[in-house]
Amino acid sequence: MNEAFHLELAADDPEAVMLLFDTIGARFSFQPSERGLSYREERAGDDDVSLARVEVEGSYSSWGDTQMFSVIQRTAGRCDWSTRTESGTGLGAPVLIIPSSPTLFVVDSLRASNVYLTTDLVQDIAETIYGTENTPVAFASAHPLTPRLGQYWSSLTLLAQELVDSGAFFDAPLVRAGLTRHLAVALLECFPLVGDQELRALSMAAQTRRYRIAKQFIDDHAHQPITVDDAARAANTPTPTLTQAFRANHPHRLSPTEYLAQARLAGAHAELLNADPTTGETVAGIAARWGFGHTGRFTSRYRAAYGVPPSTTLYR
């Protein structure tokens with residue numbers, strides 16, 4: 001997974017602000033309307049997603065574009081904007097700025113909480129959850145579909161910032177991966193996409209159903225000699241389609257193969273906890289019963305998941 005970063009940026013004159021914009025990949029001009037300008041930004045993220053808190057003292061106007069999907073949300077002050085055929089007064093609802101769409105901002109004493117997602121990430125998630133391929137993501141508006149979805153985006157942004165502040169975003173890659181997926185899916189669902197919304201909803205519903213059936217089948221039969229193909233048959237779907245359903249629905253985008261291995265590792269862990277080594281139970285025997293024929297590899301996976309070798313659990 002990509003390495004996370006944390007930046008604190010500050011500038012107090014127009015030229016410094018322009019250099020700062022270059023640093024973060026914002027291709028914007030910058031025109032202050034008064035002296036005493038101050039720009040502060042705290043940004044955290046990785047190569048796919050970043051979150052920023054922006055504080056501006058004073059007024060300025062700015063014109064340009066970005067290479068990422070950017071959702072701008074004012075929390076205090078004023079931010080008038082205009083992009084493509086739309087404009088707004090920046091009264092607090094999130095605003096989606098499309099990559100390579102020139103946008104004008106007129107800012108006064110702004111406080112904002114922004115989210116940036118790469119086009120590759122959003123495209124990949126869209127193809128996964130909607131079952132589409134080679135269909136570029138295109139949004140119909142900068143405004144959320146409904147006020148309620150706008151509020152949902154705001155709540156998710158708040159949660160994301162709390163995870164950054166707590167350190168979980170940096171310390172726990174699985175937390176960061178889950179948050180990244182949630183933000184990308186929320187972007188696709190909260191803002192209006194070009195195309196048939198009903199067909200997208202049907203695709204998502206079908207994938208969720210396949211995922212739940214196959215996941216339950218794996219949970220119930222992981223101790224038996226089943227394969228991913230068996231799970232696909234249980235869900236009445238081809239194996240590649242099941243893989244797509246897992247990628248779309250599992251919190252960490254596991255494939256069915258990865259989920260089956262995880263379920264069997266959990267089963268072996270439970271058996272190790274309950275085993276009595278005085279009766280002849282061994283790590284190798286338990287590992288083999290759960291489909292792990294190579295004891296060394298099983299030990300490595302077990303240690304990575306539970307923090308100790310399996311022998312420690314068996315002989316506790």
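Entry 1, basis. I worked from a predicted model, in which local features need pLDDT of at least 70, side-chain atom pairs count only at pLDDT 80 or more, and totals for chains, interfaces and linings use all residues. Residues are numbered from 1 along each chain as its sequence is written, and side-chain values use heavy atoms, with hydrogens and water left out.

I took a salt bridge to be a side-chain nitrogen of Lys or Arg within 4 Å of a carboxyl oxygen of Asp or Glu. By this rule I found 14 salt bridges.

R27 lies in strand β2 and D65 in strand β6, so the pair ties together parts that are 38 residues apart in sequence; strands are DSSP runs of E with at least two residues, and helices are runs of H or I with at least four, numbered from the N terminus. I also looked up burial (buried is under 20% relative accessible area, exposed over 50%, partly exposed in between, with a 1.4 Å probe and protein chains only). R27 is partly exposed at 40%, whereas D65 is buried at 15%.

R176 is in helix α5 and D46 in the loop between β4 and β5, 130 residues apart. Both residues are buried.
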